[in-house]
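Student: I am new to this structure and would like to go through part of it with you. Could we begin with a loop?

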Amino acid sequence: MSSIRYLGHSTVVVELDGSRLVTDPLLRKRVGHLLRAASVDTPGDLDGVLISHAHHDHLDLPSIARLDPTIPVVVPRGLGRLLKDRESVLEVEEGDEVVFGSIAVRATRAVHEGRRHGSRAAGPALGYAITGSRRIYFAGDTDLFPEMSGLVENLDVALIPIWGWGPTLGRGLHLGPERAAEALRLLKPRIAVPIHWGTYRPFHRGARARFLKEPAEAFVREAAERAPEVEVRVLQPGEQLTL
């Protein structure tokens with residue numbers, strides 16, 4: 001069975017051709033001043049971890065520490081020093097490829113600032129193309145860039161970020177609902193799953209805060225207008241899509 005399970009924020013479990021990968025695991029109930037809107041279990045039986053960039057909400061050391069230390073972790077080149085307790089850390093840059101069983105993972109371009117605040121560790125921001133019997137693109141955190149067109153040929157699923165962690169999108173280079181919909185026009189996936197939304201809220205904001213649901217609603221509307229041929233599947237944290 002091949003499937004996509006959205007665990008919230010930028011964390012997705014991808015099961016494809018007998019291999020299971022998790023992206024940017026952020027599993028804690030509380031991260032600084034942020035609370036999870038819905039808790040999830042730590043994923044097990046993993047074959048690999050894919051890290052898109054160094055920001056603390058994407059490379060979360062306490063969350064990675066919950067995972068089996070023998071599981072290989074793929075990180076942008078320059079970030080391996082942050083994961084000295086792991087048995088296998090693979091540093092990659094754009095164009096590099098790593099194989100897990102019968103699937104290949106290729107590091108792709110992302111337009112986002114990749115420096116880790118409070119640390120001298122730095123590396124590029126990346127996305128990942130996961131290819132086997134299906135082709136899946138995990139964008140990480142990125143803004144639009146023209147090379148999205150043709151980035152992954154015959155793309156089945158795009159895991160596309162549409163928001164941040166609070167009431168606003170935040171500073172820096174990101175995709176909001178409108179620009180994420182424009183990304184679909186370039187990527188041309190068969191299915192789009194919005195990620196990086198609906199997961200964390202500042203502790204002083206209620207669990208029914210509008211920003212926990214409105215970004216996905218806006219993305220659905222924008223995608224219907226800009227990329228009507230793409231099927232949008234909105235998953236709540238913990239929900240799974242079978243491919």
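Tutor: Lysine 188 lies in the loop between H2 and S14. Please keep in mind that this is a predicted model.

Student: What is the phi of lysine 188?

Tutor: Lysine 188 is not a glycine, yet its phi is positive, at about 60°. Most residues other than glycine have a negative phi.

Student: And is lysine 188 buried or exposed?

Tutor: Lysine 188 is exposed; its relative accessible area is 56%, and the cut-off for exposed is over 50%.

Student: Which strands pair with S14?

Tutor: Strand S13 (residues 157–161) pairs with S14 in the parallel sense over five bridges, and leucine 159 stands opposite valine 193. Strand S16 (residues 231–232) also pairs with S14 in the parallel sense, over two bridges; there, valine 232 is the bridge partner of alanine 192.

Student: Where does H2 come in?

Tutor: Helix H2 (residues 177–187) makes a right-handed β-α-β unit together with S13 and S14.

Student: What about histidine 196?

Tutor: Histidine 196 is found in the loop between S14 and strand S15 (200–202). Histidine 196 has a positive phi of about 65° although it is not a glycine, and it is buried, with a relative accessible area of 1%.

Technical notes:
Residues numbered from 1 in each chain as written. Predicted model: local features only at pLDDT ≥ 70, side-chain atom pairs only at ≥ 80, totals over all residues. Heavy atoms only, no water. Pairing = 2+ DSSP bridges. Helix = DSSP H or I, 4+ residues; strand = E, 2+ residues; numbered from the N terminus. Right-handed = clockwise from strand over helix to strand, strands pointing away. Buried < 20%, exposed > 50% of the residue type's maximum accessible area, 1.4 Å probe, protein only.
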